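Please open the model in a viewer and follow the stops below in order. Each stop names a selection and then describes what is found there.

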Amino acid sequence: MTPKNRPVIEKAARTGFCFGVRRAINILEKVARERGGVETLGAVVHNQQVLQKLAEIGVKAVDNIEDIQGDTVVTSSHGVSPDLEEKLRARREVISTTCHDVRRAQTAAAKLAQSGFFVIVYGDAGHPEVKGILGWAKGKGLATTDEKAVSALDPLPRKLGVLSQTTQVPAHFADFVKKIIDLALIKNSEIHIIDTICHDLRERQAAALELAHRADLLLVVGGRSSANTSRIAGLCSPVTETHLIETAADIRPAWLAGKKHVGVTSGASTAEDTVEEVMKKLEEMTAP
Ligand code: SF4
């Protein structure tokens, strides 16, 4: 590219690990180094590059309780249900890396259920964090992103508690809440809404969206299986051309043709090093 048509390359105001993932990785690294390795139940974060680095110091992810070999297991920042935690503790030491924001959502679900509320978690029913939160409601709830799943309840519980998976988009949660109010506000009903969306992601999504409005190409760096990364890409794609990439190697030269302003952002489980590699590769690919 000539200096004249070289695009501006700009990193979003918030990239790299969120505090919850940073804390989980710090705990894991310490335990793995002290003990020469440790197992985690499920992937501790949804990011291949991070998992590879952790594997190098002896961190091994197992999918099922039955596969745990050692006498210590680390649970992920997404948290687990109390039943699962009890099962794990029955036979081994459990080190939790549950993020404080996830813990807040779990506590909210437990308190609502104890107070007689049917708990609705706005989120992906299959995601480990959502399964864990619902577990704290002791079976008195459901997880969905579709209000029809609530209207289908027969009878509709009189007391409804509504909270959110921590990684959801605030505006989407607000829309969902409005629909729940419309369908459930009947005689004697009681609806308790708790905003459990994580502050880091709220700011990260806002920063990504602000950049998307100014850029004609946005690259979102993160794991394809990472819910929060996909959510950022989904939020920005109606605004500008957006691609989710795992590493700098995924950047296609054709995306850069004719672009004036390239934005780069990342999910909360993406290391800043990976973001910096993307920035460097973009600089090289657009060099005069
Ligand atoms: S994204 Fe938010 S809730 Fe999830 S680990 Fe990070 S800080 Fe915690």
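**First stop: a parallel sheet**

Select β8 and β9, which pair in the parallel sense over 4 bridges. Strands pair if DSSP finds at least two bridges between them; strands (E, at least two residues) and helices (H or I, at least four) are DSSP runs numbered from the N terminus. This is a predicted model, in which local features need pLDDT of at least 70 and side-chain atom pairs count only at pLDDT 80 or more, whereas totals for chains, interfaces and linings use all residues. Residues are numbered from 1 along each chain as its sequence is written, and side-chain values use heavy atoms, with hydrogens and water left out.

Within this pair, Val162 stands opposite Ile193 in β9.

Contact means heavy atoms within 4.5 Å; axes are lines fitted to C-alpha atoms, for helices over the stretch in contact, and angles run from 0 to 180 degrees between N-to-C directions.

**Second stop: two backbone details**

Select Lys138, in the loop between α5 (128-136) and β7 (141-144). Its phi is near 55°, a positive value in a residue other than glycine. Next, go to Pro155, in the loop between α6 (148-151) and β8 (159-164). The peptide bond from Asp154 to Pro155 is cis, with omega near 0°.

Select the open sheet of 4 strands with the order β1-β12-β10-β11 and parallel pairing. β1 (8-11) and β11 (242-245) stand at the edges with a single partner strand each, so one side of each is left without a neighbour in the sheet. β1 is joined to β12 (residues 261-266) by 4 bridges, and Val8 stands opposite His261 in β12. Helix α11 (residues 272-285) packs on the sheet, touching β1, β10 (217-221), β11 and β12, with its direction at about 175° to that of β1.

**Last stop: the ligand**

Which residues surround the ligand? Among them are Cys18, Phe19, Cys99, Asp101, Thr166 and Ala268, where near means a heavy atom within 4 Å. The elements giving two or more residues to this shell are α1 (19-35) and α4 (100-114).
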